[in-house]
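Here are a few notes for you to read with the structure open. Take them one point at a time and find each piece as you go.

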Amino acid sequence: MKQNKLDCCVVRDLLPSYMEELTEPETSEQIEAHLAECDACSELERNMRTQIPAKPVPKKSLRFLKKNRNTHIISAVLAIIFTLACVFLWYNSHFRYPNTEAGRLDAVQKFVACGKADSEMEQAVGGDIVTIHDDLCYSIQEGTSMHVTSYTESGKDLFVSFTAEDQYHTCGILHLSRGLNGKYYPVSASYGIPDSATIMYQLNSSLPASLDECIVPENVFCFAGFSSKEVASIRIYYTYYDTAAKEIQQIEKTYPIKNGTFLWAFPQSQLATDFGITDFSTKKNPMYIEEYVLLDKDGNDITEQYDIPSQMSVHNQYPIAVFYLFIIILLGVGVIAVAYILKN
């Protein structure tokens with residue numbers, strides 16, 4: 001077989017590698033054949049060997065460099081796995097409640113019955129009732145037996161109504177948010193003490209709630225009833241600012257109650273669609289609940305017979321926005337660590 005001859009320019013480029021014995025045997029043979037025939041390249045080789053003595057790189061050094069490179073790659077992979085594992089464990093430790101009977105009860109038991117309650121001034125701990133500026137404040141003692149009475153979903157939000165077997169017969173609503181793993185993260189809860197006439201409980205997902213301030217970040221109105229057998233329906237009066245007419249509009253809707261215990265969640269966007277509001281925006285003209293009345297089976301207003309209890313609230317110490325920000329920071333640290341390993 002006829003061997004390919006190398007040009008002078010190719011030989012000159014290969015001479016440094018040839019002198020360090022880094023070229024393949026076949027390439028070295030062709031270079032040697034060329035040097036035997038070409039005086040100019042042969043002279044260049046002699047000058048290079050005279051000026052800079054060529055020392056072949058030990059094979060052990062090459063193996064060490066290759067091994068060192070592999071070690072860096074393995075370290076980078078392990079750093080990636082470690083970072084993802086930390087994110088996974090952190091995420092699942094917070095979004096840990098499934099939407100099952102056991103999961104909902106577990107969320108209420110652990111998040112609500114915690115012995116802590118938020119107020120404008122201070123916290124009430126251990127179930128003790130205190131009055132701050134005429135506002136009632138107390139908390140559900142840790143370990144109190146809880147019962148889930150109902151639940152409903154609205155998008156990624158889950159609302160759970162509950163009662164407590166404490167001395168006050170507390171009732172309330174827990175708001176949870178669904179994560180990427182399909183499980184839920186407790187956002188907040190609100191509860192109150194019903195007296196002998198109190199059967200209704202109203203809450204929205206921004207806590208604490210009031211009838212005058214029903215707008216919430218999630219834009220969901222939530223109502224719950226506990227053993228409200230005499231109440232046949234609820235009439236709710238909604239108001240919003242009509243940007244086209246440049247005036248406040250009021251819309252009323254009556255909701256029948258099929259049984260004494262219920263839990264409703266009304267997203268504002270869905271209400272706007274149902275009412276035919278085309279220019280609705282939760283930012284520019286959000287909807288409010290101005291008033292609601294309780295009606296008996298004959299349509300008579302019996303609202304005055306039923307009081308809404310003073311509401312206490314519990315908020316998660318990690319808001320969801322801060323929670324995701326922490327994950328982004330953790331992933332960023334992992335990326336920096338991997339880049340540093342590969343660079344060095």
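1. Start with the crossing: α1 passes α2 in a left-handed way, meaning that the near helix is turned anticlockwise from the far one by less than a right angle. Helices here are DSSP runs (H or I, at least four residues), and strands are too (E, at least two), numbered from the N terminus.

2. This is a predicted model, so local features need pLDDT of at least 70 and side-chain atom pairs 80 or more, while totals for chains, interfaces and linings use all residues. Residues count from 1 along each chain as its sequence is written, and side-chain values use heavy atoms, without hydrogens or water.

3. Helix α1 (residues 8-19) packs with helix α2 (residues 25-37) at about 120 degrees, their axes 10 Å apart. Axes are lines fitted to C-alpha atoms, for helices over the stretch in contact, and angles run from 0 to 180 degrees between N-to-C directions.

4. On the α1 side, Cys 8, Val 11, Leu 14 and Tyr 18 make the contact (heavy atoms within 4.5 Å). Among their partners on α2 are Ile 31 and Leu 35.

5. Now the sheet: five strands, open, in the order β3-β4-β5-β6-β13, with antiparallel pairing (at least two DSSP bridges per pair). β3 (146-154) and β13 (311-315) are at the edges with a single partner strand each, so one side of each lacks a neighbour in the sheet.

6. Strand β6 (residues 184-192) is joined to β13 by five bridges. Look for Ser 190 opposite Ser 313 in β13.
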